[in-house]
Amino acid sequence: MPYSRFAFALYLLATTVMIQTVLGVDPLLHFCTSNQNFSANDPYHTSFNRLVRFFYNQAPIGGFALGSLGLERERPYGLAMCRADVSVSDCRTCIVGAKIRQRCPTNKGAAIWYDYCLLKFSNLEFFGEIDNQYRFYMWNVQEVSNPAEFNAKVKYLLNAVSRKAYTSPKLYATGELELEASQKLYGLAQCSRDLSSANCQSCLDQAISELPNCCNAKRGGRVVGASCNFRYELYPFVNE
């Protein structure tokens, strides 16, 4: 399925065209987020490697892991999150295969997104905070023939799915909406589980407000961030 991608961190950073890949062999996008670097002998590097191994072992079990290690000034903070519908095996494959250090080899902060998972690290504590700085759009390049009606139904579905997500234990929900001619619209919303329900709601409300900018009249689209994301399509895309 052909998709376009639009990314920004405060302002526009990149635009490109991509083909989605199974299990996220190629990342959707990545950001190197810190202005500080570390060396191979740095205590931060040692703590970072230990934290990555922790995520490899723990995140696939429940689809989410949060942690920090090391001394105060050399302490990395991180999270690993999988899409809540993926299997333990697929979650582990995505997290273990994430090439975050190949993309940001010495940077103390980085985030990388795949179709099935997200990894984020920082030298600054971010747990529980909404990260709106690093967000990007993806959309199907094909458009619908009835933009106004379709856009309204997309917003209706995503608002409904969002309400289910921020009140659920995993801060995740999916839904569908009947369209004409036996067609269905499918939606998904998810927040990082370090957020409170109120912050999840706020994050998703902000993401959904970006719909006119990212996905006007598009047959499918996403707004993806480090704290929350949504997706809608005209075909089923979640695992049963």
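Reader: Which hand does the crossing of α4 and α5 have, right or left?

Author: The model is a predicted one. In it, α4 and α5 cross with a right-handed sense. The contact is formed from α4 by Lys155, Leu158, Asn159, Ser162, Ala165 and Tyr166, and from α5 by Ser197, Cys200, Gln201, Leu204, Asp205 and Ile208. By class, these residues are six nonpolar, four polar and two charged.

Reader: What makes α4 roughly antiparallel to α5?

Author: The axes of α4 (residues 147-166) and α5 (residues 197-208) cross at roughly 165° and come within 9 Å. That makes the two helices roughly antiparallel, because angles over 145 degrees are given that name.

Reader: Why are α1 and α2 also called roughly antiparallel?

Author: The packing angle of α1 and α2 is about 150°, and their axes are 8 Å apart. The cut-off is over 145 degrees, and α1 and α2 are therefore roughly antiparallel to each other. The crossing in which α1 passes α2 is right-handed. On the α1 side the contact involves Phe55, Tyr56, Asn57, Ala59, Pro60 and Ile61, and on the α2 side Val88, Cys91, Arg92, Ile95 and Val96. This contact comprises nine nonpolar, one polar and one charged residues.

Reader: Why is tyrosine 56 described as partly exposed?

Author: The relative accessible area of tyrosine 56 is 27%. Buried requires under 20% and exposed over 50%, so tyrosine 56 is partly exposed. This residue belongs to helix α1. Beyond its neighbours within four places in sequence, tyrosine 56 is in contact with Arg92, Ile95 and Val96. Tyrosine 56 and valine 96 are 40 residues apart in sequence, with their C-alpha atoms 6.0 Å apart.

Reader: How do you know that the buried residues of α2 line one face of the helix?

Author: In α2 (residues 88-96), the residues Cys91, Cys94 and Ile95 are buried. Viewed down the helix axis, the buried residues of α2 fall within an arc of 95°, so they line one face. An α-helix has 3.6 residues a turn, so residues three or four places apart point the same way. The cover over the buried residues of α2 includes α1 (43-62), β5 (77-82) and β7 (117-122).

Reader: Why does valine 86 count as buried?

Author: Valine 86 has 12% relative accessibility and therefore counts as buried, the criterion being under 20%. This valine is in the loop between β5 and α2. Residues up to four places away in sequence aside, valine 86 touches Cys91, Tyr116 and Asn239.

Reader: What is said of the phi of leucine 171 and of alanine 217?

Author: Most residues other than glycine have a negative phi. Leucine 171, which is not a glycine, has a positive phi of about 50°. Alanine 217 also has a positive phi, near 65°.

Reader: Where do leucine 171 and alanine 217 lie, and are they buried or exposed?

Author: Leucine 171 is in the loop between α4 and β9 (172-178). Its relative accessibility of 6% makes leucine 171 count as buried. Alanine 217 is in the loop between α6 (211-214) and β11 (221-225). With 4% relative accessibility, alanine 217 counts as buried, since the limit is under 20%.

Notes
Residues numbered from 1 in each chain as written. Predicted model: local features only at pLDDT ≥ 70, side-chain atom pairs only at ≥ 80, totals over all residues. Heavy atoms only, no water. Axes fitted to C-alpha atoms, helices over the stretch in contact; angles between N-to-C directions. Helix = DSSP H or I, 4+ residues; strand = E, 2+ residues; numbered from the N terminus. Parallel < 35°, antiparallel > 145°, perpendicular 65-115°, else oblique. Left-handed = near helix turned anticlockwise from the far one by under 90°. Contact = heavy atoms within 4.5 Å. Nonpolar A, V, L, I, M, F, W, Y, C, P; charged D, E, K, R; others polar. Buried < 20%, exposed > 50% of the residue type's maximum accessible area, 1.4 Å probe, protein only. Arc of directions from axis to C-beta.
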